[in-house]
Amino acid sequence: MEADEQKLEETEEAIVEEEAPAPVRGQNLPLILALAALLVWHGFQTLQLLRERAQLGIAKDSQEAALQESQKVQTQFSTLIGKTSDLAVKGHAGARMVMEELQKRGLGPAPSAAPAPEAKPPEKAAPKSGEKTPDLKGLK
Amino acid sequence: MLKGRIIPTVMAGLLLLVVLVNILFLAGNQSVQAELAERQQTIQQTMQLETLYRQVVAVLANMAVKTNDKQIQELLSSSGVNLGANPEAPAGAK
């Protein structure tokens, strides 16, 4: 009698063990779906970021010419201002006027020691600042 | 039991990898965007500077022509600005 009951229990346990994997497979499905959704979403994000990267590269290339031009202009400007400043320090009235005007706009080097009063411009006095500026088209 | 865990594990690993790649791309793109903005700002500032440069050159050229100032003429020519007409012409005409 006891042996029969034990046998019955063993059989039931065996059946339970055989059926056990089935619910595990079912339990994984939501997790797999969630992971798949996240993978798709992040994969899409990766593609978008790659596209953005390519566009940024194109924009950077297109800026290159303008940037080089701007560096050239900056160099020209600083050279001109440097030479004008040197001339102003030597006592050239016109150059000094230009430098003062630039300093009023917050550009150019800080005013250095006052130029020697005996130093005069080689020719005539400089034109007034209110004077009309000539057209530069023919100058360069 | 083990078979049931392989797929989620592989997917989670892939997900982690993709997220890491995304973080790297995002950081790289932000860096490039910042660089582009800085370059754009430089270009815009230089455009204003160019206007000023032209004004300064115009004033100096005007001064050089009106006063026949050799120093200014030399300054301009050394900066790559040629006054076109021969500056010695008026002197020779005298």
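The model is predicted, so local features need pLDDT of at least 70 and side-chain atom pairs count only at pLDDT 80 or more, while totals for chains, interfaces and linings use all residues. Residues are numbered from 1 along each chain as its sequence is written, chains are lettered from A in the order in which they are written, and side-chain values use heavy atoms, without hydrogens or water.

Start with the interface. Chain A gives 52 residues to the contact and chain B gives 53; contact means heavy atoms within 4.5 Å. Together the chains bury about 5000 Å², with 72% of it on carbon and sulfur atoms. Buried area is the accessible area (1.4 Å probe) that two parts lose on being put together, summed over both.

Two salt bridges cross this interface. The rule asks for a side-chain nitrogen of Lys or Arg within 4 Å of a carboxyl oxygen of Asp or Glu. K60(A) pairs with E35(B), the closest N and O atoms being 3.3 Å apart. On the side of chain A that touches chain B, α2 (21-90) and α3 each supply at least two residues. Helices are DSSP runs of H or I, at least four residues, numbered from the N terminus. The largest share, 32 residues, comes from α2(A).

E35(B) also bridges to R39(B), at 4.0 Å from N to O. Both lie in helix α1 of chain B, four residues apart, about one turn. R39(B) is buried, at 13% relative accessible area, whereas E35(B) is partly exposed at 30%. Buried means under 20%, exposed over 50%, partly exposed in between (1.4 Å probe, protein chains only). A network of salt bridges links K60(A), E64(A), E35(B) and R39(B).

Helix α1 of chain B (residues 2-67) also holds N29(B). N29(B) counts as buried because its relative accessibility is 1%. Beyond its neighbours within four places in sequence, N29(B) touches L49(A), E52(A), R53(A) and L56(A).

Now turn to α3 of chain A. This helix covers residues 93-104 and spans 16 Å from first C-alpha to last, close to the 16 Å expected at 1.5 Å a residue. The expected span is 1.5 Å times one less than the number of residues. Its buried residues include M97(A), V98(A) and L102(A). K104(A) forms a salt bridge with E101(A), at 3.9 Å between the closest N and O atoms. The two are three residues apart, so about one helical turn separates them. K104(A) is exposed at 67%, and E101(A) is partly exposed at 31%. After the helix comes G106(A), with a positive phi near 80°.
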